[in-house]
Amino acid sequence: MIGEDKLIHFSGVEMGQACTIVLRGASHHVLDEAERSLHDALCVLSQTVNDTRVLLGGGWPEMVMAKEVDELARKTPGKKSHAIEAFSRALVAIPTIIADNAGLDSADLVARLRAEHHKEGCNAGIDVLSGSVGDMAELGISEAFKVKQAVLLSATEAAEMILRVDEIITCAPRKREDRM
């Protein structure tokens, strides 16, 4: 019995190709959210099985990319440097969100994380369990490369679409000839 529900539990059976997961929640909304989260986790797992490449987690990849993009912005002349800098800030938003979602002081953690990433061979990321910056390799915190790649491509494509629409809106209207 689980709560008021009767379930049959099979034990001593050799591991096969399928299993059952029982989800319980206080409302349909909670159950739907749990089901979506479980589905997302299983999709990440299946992608990781297909492509076993992983990256360190805890905001490590975003900080490495932000550092490189920021250096590119400093070398780029003109207005393009502002756009490149904005992309760097967007990358740093990911570790900030990780810290915020864990109920941690994101401003302090991201500042410490940025300082750590100026050292050679840095593996630093946000350790949400201890509430500090930690070595992601030592802690064994990683994430699927395929998922990170998809997230970055989607975000970049969305930003490009917004910029294109903004560019179209700000274009000067065409002059119309009086044909009568």
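This briefing covers the fold, domains, salt bridges, cysteines and one surface patch of a protein chain. The model is predicted. The protein chain has six helices and four strands, and its radius of gyration of 23 Å is well over the 16 Å that the globule rule gives for 180 residues, so the chain is more spread out than a compact globule. Eight salt bridges are present in the structure, while a search of the whole structure finds zero disulfides.

**Overall fold and domains**

- Read from the N terminus, the elements of the protein chain follow the order α-β-α-α-α-β-β-α-β-α.
- The C-alpha trace spans about 80 × 60 × 30 Å along its principal axes.
- Buried residues make up 19% of the 180 residues of the protein chain.
- The protein chain is split into two parts, with domain 1 covering 20–50 and domain 2 covering 56–160.
- The centres of domain 1 and domain 2, taken over C-alpha atoms, are 27 Å apart.

- Lysine 148 and glutamate 62 form a salt bridge through their side chains, with an N to O distance of 2.3 Å.
- This pair links distant parts of the chain, since lysine 148 sits in helix H6 (residues 145–170) and glutamate 62 in helix H2 (residues 60–75), 86 residues apart.
- Lysine 148 and glutamate 62 are both buried.
- Glu62 and Lys148 also belong to a network of salt bridges that includes Glu143.

**Salt bridges within single helices**

- In helix H2, aspartate 70 and arginine 74 lie four residues apart, about one turn of the helix.
- Aspartate 70 and arginine 74 form a salt bridge in which the closest N and O atoms are 3.1 Å apart.
- Aspartate 70 counts as partly exposed because its relative accessible area is 22%, whereas arginine 74 counts as exposed because its relative accessibility is 67%.
- In helix H3 (residues 80–101), arginine 89 and glutamate 85 are likewise four residues apart, about one turn of the helix.
- The side chains of arginine 89 and glutamate 85 meet in a salt bridge with an N to O distance of 4.0 Å.
- Arginine 89 has a relative accessible area of 53% and is therefore exposed, while glutamate 85, at 34% relative accessibility, is partly exposed.

**Cysteines**

- The search for disulfides across the whole structure gives a count of zero.
- A disulfide is a covalent bond between the sulfur atoms of two cysteines.
- Cysteine 43 has 33% relative accessibility, so this residue counts as partly exposed.
- Cysteine 122 has 15% relative accessibility, so this residue counts as buried; the cut-off for buried is under 20% relative accessible area.

**Nonpolar surface patch**

- Ile2, Leu7 and Val22 make up a nonpolar patch on the surface.
- Together, Ile2, Leu7 and Val22 have about 250 Å² of accessible area.
- Isoleucine 2 is located in the segment before helix H1 (28–50).
- Isoleucine 2 counts as partly exposed because its relative accessibility is 36%.

Definitions and conventions
Residues are numbered from 1 along each chain as its sequence is written. This is a predicted model: local features need pLDDT of at least 70, side-chain atom pairs count only at pLDDT 80 or more; totals for chains, interfaces and linings use all residues. Side-chain values use heavy atoms; hydrogens and water are left out. Patches are made of residues with over 30% relative accessible area and no salt bridge: like charges are joined within 9 Å, nonpolar side chains (Val, Leu, Ile, Met, Phe, Trp, Tyr) within 5 Å. Accessible areas come from the Shrake-Rupley method with a 1.4 Å probe; for residues, only the protein chains shown count as cover. Helices (H or I, at least four residues) and strands (E, at least two) are DSSP runs, numbered from the N terminus. Buried means under 20% relative accessible area, exposed over 50%, partly exposed in between (1.4 Å probe, protein chains only). Domain bounds come from an automatic or database domain assignment. A disulfide is a pair of cysteine sulfur atoms within 2.5 Å. The radius of gyration is taken over C-alpha atoms; the globule rule is 2.2 Å times the number of residues to the power 0.38.
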